[in-house]
Amino acid sequence: MLQKNISLKTYNTFGIDAKASFFANFSSVDDLNTILKERENRKLFILGGGSNILFTKNFDGLVLKNEIQGFKIIQESENDVVVEVGAGMNWHAFVLKCLEMNFGGVENLSLIPGNVGASPMQNIGAYGVEIKDVFEYLDAVHIETGKVKRFSNQDCDFGYRESVFKTNAKGQYIICQVGYRLTKIHKLNTSYGAIKMELEKQGVNNPSIKDVSNAVIAIRKSKLPDPKKIGNAGSFFKNPIVSTQTLEILKQKHPNIPNYPSGPETAKLAAGWLIEQAGWKGKTYDEKYGVHKNQALVLVNYGNADGDEILKLSNLIISDVYQKFNIELEREVNIL
Ligand code: FAD
Ligand code: EPU
């Protein structure tokens with residue numbers, strides 16, 4: 001069952017050529033429990049689509065690739081529907097399936113790479129919507145006992161790019177299926193300025209969920225590098241959340257600093273703006289890796305960079321932004 005010494009290059013969107021000492025995939029909870037019994041004391045890493053990780057060295061342990069499929073309707077009323085989806089399903093394929101069935105709620109999250117199982121890990125979000133807005137429950141196998149536990153929306157303790165699986169329950173569970181509550185009578189979210197502009201550009205007056213999805217896809221394609229062409233893991237850093245007091249101090253020096261309300265006493269800043277202002281946008285090293293020319297929040301691998309070079313670049317950016325703005329950027333990508 002366990003394969004040995006496997007290259008992970010095609011399993012991560014950064015395209016880093018790290019090796020796993022052991023590798024296995026599973027497509028059911030029973031398969032998974034069989035593998036867990038063969039695990040011995042090996043260190044584990046659960047892999048989805050590999051679109052939010054940076055390998056900085058070989059992985060001396062067992063990489064487990066989740067390939068559990070499935071899409072079923074669990075509950076349905078006139079207004080909404082609960083669907084249960086296998087963690088190994090590709091996220092965008094799931095979004096397309098919802099659009100085909102005219103189920104709303106995930107259209108703003110179109111084209112996010114990766115798989116369903118990772119969507120609650122960091123409460124994926126884009127264009128005004130986060131997974132917590134549609135999340136109903138998930139079932140996860142506890143690694144030590146093999147028992148399945150159900151987590152409600154509240155149990156997951158979602159925050160901006162955060163969940164319990166990155167804090168108190170870190171490294172303890174393997175997510176196997178996720179339930180989402182989707183609409184049959186839709187409430188479109190076009191509050192994000194770029195969506196409104198794109199719909200106007202396309203001449204759409206009375207948008208459907210499919211129109212919103214198409215607008216999001218067009219915006220994303222114009223900004224973000226396609227990992228099939230240029231290695232990357234999306235935003236490398238989180239957008240920093242600061243107190244309104246800190247924002248006022250920053251505004252005195254930088255009156256145009258982009259900021260968005262994020263709570264009663266806090267504001268979210270645009271990390272991409274801070275990195276661009278600090279002069280990093282488009283920087284390239286040895287034609288191998290660098291900061292993307294259209295989106296300063298995205299670090300890229302043009303070919304043969306190793307993960308450590310990209311990690312070092314991220315450290316330089318963190319300390320430079322700190323020196324210039326007194327703000328400490330936090331990485332969004334998981335470093336291994
Ligand atoms: P992986 O990278 O395989 O894993 C990520 C983490 O989750 C790892 O710690 C892994 O161990 C854990 N994990 C994965 N599956 C499971 C499981 N079944 N059980 C337990 N743990 C698991 N993210 C956004 O939120 N919004 C965006 O707009 C966005 N845009 C992106 C654009 C690009 C071009 C790229 C490359 C990435 C983008 N991302 C975005 C980041 C990424 O797509 C998401 O974080 C995605 O959810 C990662 O899914 P994955 O299956 O690839 O996870
Ligand atoms: N900006 C710049 N220069 C840049 C990039 C951005 O000045 O090079 C400024 C601009 O002012 C722009 C603002 O930042 O208006 C916001 O940029 P954008 O709309 O591109 O979004 P973002 O804040 O950079 C976040 C998410 C993305 C998500 C988009 C859309 C984080 C860390 N990133 O990016 O998520 O797709 O909003 O909602 O929250 C990801 O997590 O991997 C990801 C791509």
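Entry 1. Ligand 2.

How far is a polar side-chain atom of R161 from an oxygen atom of ligand 2? I looked this up in the model, which is predicted, and found 2.9 Å.

I then went through other oxygen contacts of ligand 2. A polar side-chain atom of N239 is 2.8 Å from an oxygen atom of the ligand. For Q295, a polar side-chain atom likewise lies 2.8 Å from an oxygen atom of ligand 2. The protein covers 81% of the accessible area that ligand 2 has on its own, which is 820 Å².

Next I listed the surroundings. Ligand 2 has 23 residues around it, and the closest are Y127, Y160, E276, Q295 and E332. I sorted this shell by class and noted 11 nonpolar, 5 polar and 7 charged residues. At least two residues of the shell come from each of α5 (209–223), β13 and α7 (271–277). Helix α7 gives the largest share, 3 residues.

Entry 2. Ligand 1.

A polar backbone atom of G50 is 2.8 Å from an oxygen atom of ligand 1. A backbone N or O atom of I175 is 2.8 Å from a nitrogen atom of ligand 1.

How much of the accessible area of ligand 1 does the protein cover? I noted 93% of the 980 Å² that ligand 1 has on its own. The elements that give two or more residues to its shell are β3 (44–47), β8 (125–126), β12 (173–183) and β13 (231–235). I counted 32 residues around ligand 1, of which I46, G49, S51, Q122 and R220 come nearest. By class the shell divides into 16 nonpolar, 14 polar and 2 charged residues.

I marked β13 in both lists: it supplies residues to the shell around ligand 1 and to the shell around ligand 2.

Entry 3. Salt bridges.

I found 19 salt bridges in the structure. One of them joins D80 and R181, with the closest N and O atoms 3.3 Å apart. D80 is in strand β7 (residues 80–86) and R181 in strand β12, so this pair ties together parts that are 101 residues apart in sequence.

R181 came up again with E136: their side chains meet in a salt bridge at 3.0 Å, N to O. Here E136 sits in strand β10 (residues 135–142) and R181 in strand β12, a link between distant parts of the chain, 45 residues apart.

R181 has 28% relative accessibility and counts as partly exposed. E136, with a relative accessible area of 27%, is partly exposed.

I also checked K132 and D133, which form a salt bridge with the closest N and O atoms 3.2 Å apart. K132 is partly exposed at 33%, and D133 is partly exposed at 45%.

Entry 4. Aromatic pairs.

I described each pair by two values, the distance of the ring centres and the angle of the planes. The count comes to 16 aromatic pairs. How are the rings of W91 and Y180 arranged? Their centres are 5.9 Å apart and their planes stand at 70°; planes over 60 degrees apart count as edge-to-face, so the pair is edge-to-face.

W91 belongs to helix α2 (residues 91–100) and Y180 to strand β12, so the pair ties together parts 89 residues apart in sequence. W91 is buried at 1% relative accessibility, and Y180 is buried at 0%.

The second pair I looked up is F151 and Y173. The ring centres are 5.0 Å apart and the planes are at 85°, so I wrote this pair down as edge-to-face. F151 is in strand β11 (residues 148–152) and Y173 in strand β12, so the pair ties together parts that are 22 residues apart in sequence. F151 is buried, with a relative accessible area of 4%. Y173 has 17% and counts as buried, because buried means under 20%.

Last, I noted one aromatic cluster formed by F71, W91, F94 and Y180.

Methods
Residues are numbered from 1 along each chain as its sequence is written. Chains are lettered from A and ligands numbered from 1 in the order in which they are written. This is a predicted model: local features need pLDDT of at least 70, side-chain atom pairs count only at pLDDT 80 or more; totals for chains, interfaces and linings use all residues. Side-chain values use heavy atoms; hydrogens and water are left out. A residue is near a molecule or strand if one of its heavy atoms lies within 4 Å of it. A polar contact is a pair of N or O atoms within 3.5 Å; within protein, one must be able to donate a hydrogen and the other to accept it, and residues adjacent in sequence count only if both atoms are side-chain atoms. Accessible areas come from the Shrake-Rupley method with a 1.4 Å probe; for residues, only the protein chains shown count as cover. Helices (H or I, at least four residues) and strands (E, at least two) are DSSP runs, numbered from the N terminus. Ala, Val, Leu, Ile, Met, Phe, Trp, Tyr, Cys and Pro count as nonpolar, Asp, Glu, Lys and Arg as charged, and the others, Gly among them, as polar. A salt bridge is a side-chain nitrogen of Lys or Arg within 4 Å of a carboxyl oxygen of Asp or Glu. Buried means under 20% relative accessible area, exposed over 50%, partly exposed in between (1.4 Å probe, protein chains only). Rings of Phe, Tyr and Trp (its six-membered ring) pair if their centres lie within 6.5 Å; planes under 30 degrees apart count as stacked, over 60 as edge-to-face and the rest as tilted.
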